[in-house]
Amino acid sequence: MAATELRGVVGPGPAAIAALGGGGAGPPVVGAGGGRGDSGPGSGAASGTVAAAATGGPGPGAGGVAAAGPAPAPPTGGSGGSGAGGSGSAREGWLFKWTNYIKGYQRRWFVLSNGLLSYYRSKAEMRHTCRGTINLATANITVEDSCNFIISNGGAQTYHLKASSEVERQRWVTALELAKAKAVKMLAESDESGDEESVSQTDKTELQNTLRTLSSKVEDLSTCNDLIAKHGTALQRSLSELESLKLPAESNEKIKQVNERATLFRITSNAMINACRDFLMLAQTHSKKWQKSLQYERDQRIRLEETLEQLAKQHNHLERAFRGATVLPANTPGSVGSGKDQCCSGKGDMSDEDDENEFFDAPEIITMPENLGHKRTGSNISGASSDISLDEQYKHQLEETKKEKRTRIPYKPNYSLNLWSIMKNCIGKELSKIPMPVNFNEPLSMLQRLTEDLEYHELLDRAAKCENSLEQLCYVAAFTVSSYSTTVFRTSKPFNPLLGETFELDRLEENGYRSLCEQVSHHPPAAAHHAESKNGWTLRQEIKITSKFRGKYLSIMPLGTIHCIFHATGHHYTWKKVTTTVHNIIVGKLWIDQSGEIDIVNHKTGDKCNLKFVPYSYFSRDVARKVTGEVTDPSGKVHFTLLGTWDEKMECFKVQPVIGENGGDARQRGHEAEESRVMLWKRNPLPKNAENMYYFSELALTLNAWESGTAPTDSRLRPDQRLMENGRWDEANAEKQRLEEKQRLSRKKREAEAMKATEDGTPYDPYKALWFERKKDPVTKELTHIYRGEYWDCKEKQDWSSCPDIF
């Protein structure tokens, strides 16, 4: 009779009677903790019965779960019967498993075998696919109500199950408890006997070979020790005989000294061999535990990765359902997932039911007007149909740019993306070294993004007119903060520029400045930027970007110093950028935060401004994205305080010292400071429909507009970026791969030339930037790229002969 067979048991065996208290009086307790007592005897087994049955006992009922009377047969259409005693399955049948809040409970085929509970979509699926398995040895089994029960291993696996009836639920719970008791007993026996089931055969063989080698070495050492002891004893005997001879006193003293050294040598050799023996014993004792711990950590890591993938799938399916991207199947009248069950909280392990492996990046799911861009299809997958093609759209915009700066770009299409297949291999790596599809990008390069720092250039224009250096520093600080305002909604990454790629922005006539950027290094990626204004200032910087993907978030750390020089006064300011963090990379809505401190220093006067970017905290009562600052003179005295947010505005307050209680200076009070408040900067509103255009600002919308006369290396001429902006993402991905391969070939060619020059002993110049020269900065003493001129002269002459072919 099978161990879990519940039918055909005529009467309880001795083990069951003992478990029921000798006479079986009163109703037995059903299942594990949380179960309720049955109204009649014999309707279920006591928990003690399971434990007793696990150990076995004499009598006809010793191997089964006892009942006071014949057990009722399963109802028609129930969850199936138990497996035969000789088969590998202790029990198998249908149960309803909670999947997610969209689908509710779904019918699944469960198999209980060898202490493991596995489930499949159907019985036929058992041959090729297992949807999930949970080890009962470490699992907890709890009963929720008449039909529901939960199995959880305390980690990532939790199954919420429902049987077709209370009797069927009790049969499963009893069988699970019995299987758990057996699994725990086998695990204990395995620990005592040294059975290493969790260790693979390869690991066991390697471990045994290592222990065998160690044992051999210890035996060799033991043999050496015996020989040392034997020869040491003989040596001491010889020395003792020498002492008995009539030798000069000086010789006896020398012999005694040698004898003592021989004794010490023998003691040391014994200590050494004992230590080696102890080490071997320790290795033999703990090697099994170490191996099991390692295997456990490997399993945990795999489970965590699977859980993260499931969460990502679930989140994207929920978001698609919420946005109307999918049609939810209506529950049939006979569906087990009732309204009450649909609203239950904490139903884990949701997304393992989905065969689809398609993900949608949350910010890319947008609704587009029908008169422009891609129409959304019913399935929200391709979005390929359109009333107006993107090429015609773009041509129309090019005609507009001939008259004025463009105010729109083609709307962002909605492309599907297998997000997890890409991101799961990026954890812990530097993002610039990972080939990423354009689906993650925005149609701007890093050089154009760097130029966006000049969006609020008028702050520097006002600063150039300030006669007071401390007031000037306030405007420089506001300009520093304003460069982050364009990032608040910009969750897509810019294109990594190719080596030698440039970008110019000539706004000399409209705004009085012009700017040039060049990619001066590829690994690590570095860009040099120089901007000069006829309003009396120069801005230059070299920024190296390092980034790390940490699973939940992406950290972007800009390295390098920014310089701002005012021509009239000679004031030279320097500062560095703070860390940018992109949160919810895999699951949830993407959002960006800035954190850290910036010290702006006037190297001529010694004035300083310390800006603090407060990181967002769920528990903080402060306003989000808060920035505070203080402007101090060389003595450390505070003259201005700054307050605002990096995405909205910055204000300054003049600090007037007042006499304190003890006669010393004290800061003025808050209500007095309000009178001196000055609005330094306020963010410009985004253009209409910016959410459909990558959240670009008015300046960003114009950066990739085609212009005549630019260098052949200009970012506007980059083909993959242009194709992406036009909505042709598949072609853009292919073009991106071509450009990257071309860049790799150029790098290998340079490396081969350098190696050949080294072998020949001839001088070889490494790669040099075209418009910037690498030299020591006179102020910061850092090696940096400084603009050497000639670009605008070459543009005027249209002489681009020195430009490399990178596109």
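Biologist: In which order do the 7 strands of the open sheet stand?

Modeller: Strands of a sheet pair through backbone hydrogen bonds, either parallel or antiparallel. In this predicted model, local features need pLDDT of at least 70, side-chain atom pairs count only at pLDDT 80 or more, and totals for chains, interfaces and linings use all residues. Here the order is β4-β3-β2-β1-β7-β6-β5, with antiparallel pairing. Strands are DSSP runs of E, at least two residues, and helices are runs of H or I, at least four, numbered from the N terminus; two strands pair if DSSP finds at least two bridges between them. Residues are numbered from 1 along each chain as its sequence is written, and side-chain values use heavy atoms, leaving out hydrogens and water.

Biologist: Which strands stand at the edges?

Modeller: β4 (132–135) and β5 (140–143), each with a single partner strand, so one side of each has no neighbour in the sheet. Further in, 5 bridges join β6 (148–152) to β7 (158–162), and F149 stands opposite L161 in β7.

Biologist: How do I read an aromatic pair, say Y456 and W681?

Modeller: Rings of Phe, Tyr and Trp (its six-membered ring) pair if their centres lie within 6.5 Å; planes under 30 degrees apart count as stacked, over 60 as edge-to-face and the rest as tilted. The search of the whole structure finds 17 such pairs. Y456 and W681 are edge-to-face, 5.6 Å centre to centre with 80° between the planes. They sit 225 residues apart, with W681 in strand β25 (678–682).

Biologist: Is W681 buried or exposed?

Modeller: Buried means under 20% relative accessible area, exposed over 50%, partly exposed in between (1.4 Å probe, protein chains only). W681 is buried, at 3%.
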